Amino acid sequence: MTGGPPSAGPEPDVEPAPVATAAPEPDGEDPADPPSRGRAPRAARAVVPDPVCAAAVDLAREAAAEEAGAATAVGEHLGVEAEGDRMVLHRFACLSPAYQGWVWTVVTARAPRVRKVTVDDVVLMPGESALLAPPWVPWSQRLRPGDVGVGDLLPTAVDDPRLALRRDDVEEFVDTDVFLEQGLGRSRVLSAFGREQTGARWYAGEPGPDAHVAKVAPASCLTCGFHIRLAGALGRLFGVCANELAPDDARVTSIDHGCGAHSEALVAPSAHPEPVPFDEDPSDLAPTDIELVGVTTNGAAEATQPGHPTVGHGGRPEPYGHA
């Protein structure tokens with residue numbers, strides 16, 4: 001017998017126990033925290049004003065007075081506000097009459113483990129009751145009719161929606177009037193939007209039917225002989241007045257506009273009540289103060305000889321040499 005342990009026989013087929021694996025955690029979550037026991041998010045730490053910077057009121061006031069140019073322009077201390085770690089805003093009332101409601105804001109700060117406070121910036125900022133300038137408006141939106149005077153130049157944007165290339169809007173019309181507006185030599189003409197905008201503006205203004213002079217007119221411009229229709233699409237509704245005595249002379253008017261100078265408002269009697277005859281044969285008129293010149297058969301003028309009669313004053317023949 002040997003002293004060693006007896007050899008074990010063949011082990012039976014036993015399936016190994018499964019090894020438990022942790023499920024993958026979602027991105028951004030701590031694996032130590034099970035999903036069923038989530039923690040509430042930590043509240044952001046409120047930034048409190050640094051006590052050393054907050055106590056530097058006199059330093060901030062001196063800086064504001066230096067920026068304002070006079071100590072009388074800086075009023076009472078309105079409080080402090082934490083801008084960050086060891087950075088505090090001091091606010092002072094502005095006493096300048098030109099900046100009512102504005103506030104002097106002084107930024108103070110200090111370095112870590114340093115007790116000395118420094119001034120970073122001094123600015124004048126509007127308060128809640130500050131008088132502010134109106135919002136800035138581009139010049140192209142500030143223009144009003146009549147602003148362009150003699151010698152002024154008004155640029156037009158390359159993408160102005162009121163204008164279009166000559167052939168852009170042809171397909172939108174079914175008549176041939178648009179071809180009259182092609183304007184040889186012009187790179188752009190009114191677009192469909194520009195025509196609509198122009199027509200609406202004219203029709204709603206003085207050239208339209210709602211003008212006071214049009215409401216009391218005896219008839220519309222459509223039936224007036226002085227009304228000259230525009231060419232193109234705008235000519236369907238507008239024309240130009242050609243009556244020098246009318247209030248709209250040389251101005252655009254709609255066809256349903258009108259005034260008291262309508263060509264058919266009052267037809268005055270003719271200045272020539274009787275027909276004026278036109279006689280092409282003036283042979284029955286008595287000549288006066290003319291000299292008859294003989295004409296030869298070859299068309300040359302015949303020299304006047306003594307004894308040839310001439311027509312004197314009153315149409316009586318007189319011989320040459322009559323005194």
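Let me start with Arg91, which forms a salt bridge with Glu81, their closest N and O atoms lying 2.8 Å apart; by salt bridge I mean a side-chain nitrogen of Lys or Arg within 4 Å of a carboxyl oxygen of Asp or Glu. Arg91 sits in strand β2 (residues 87-94) and Glu81 in strand β1 (residues 74-84), ten residues apart, where helices (H or I, at least four residues) and strands (E, at least two) are DSSP runs numbered from the N terminus. Please keep in mind that this is a predicted model, in which local features need pLDDT of at least 70 and side-chain atom pairs count only at pLDDT 80 or more, while totals for chains, interfaces and linings use all residues. Residues are numbered from 1 along each chain as its sequence is written, and side-chain values use heavy atoms, leaving out hydrogens and water.

Arg91 counts as partly exposed at 25% relative accessibility, and Glu81 is partly exposed at 37%, since buried means under 20% relative accessible area, exposed over 50%, and partly exposed in between, with a 1.4 Å probe and protein chains only.

The whole structure holds two salt bridges, and the other joins Asp50 and Arg110 at 2.9 Å, N to O. Here Asp50 lies in the segment before α1 (51-54) and Arg110 in the loop between β3 (102-109) and β4 (118-126), 60 residues apart, and both residues are buried.
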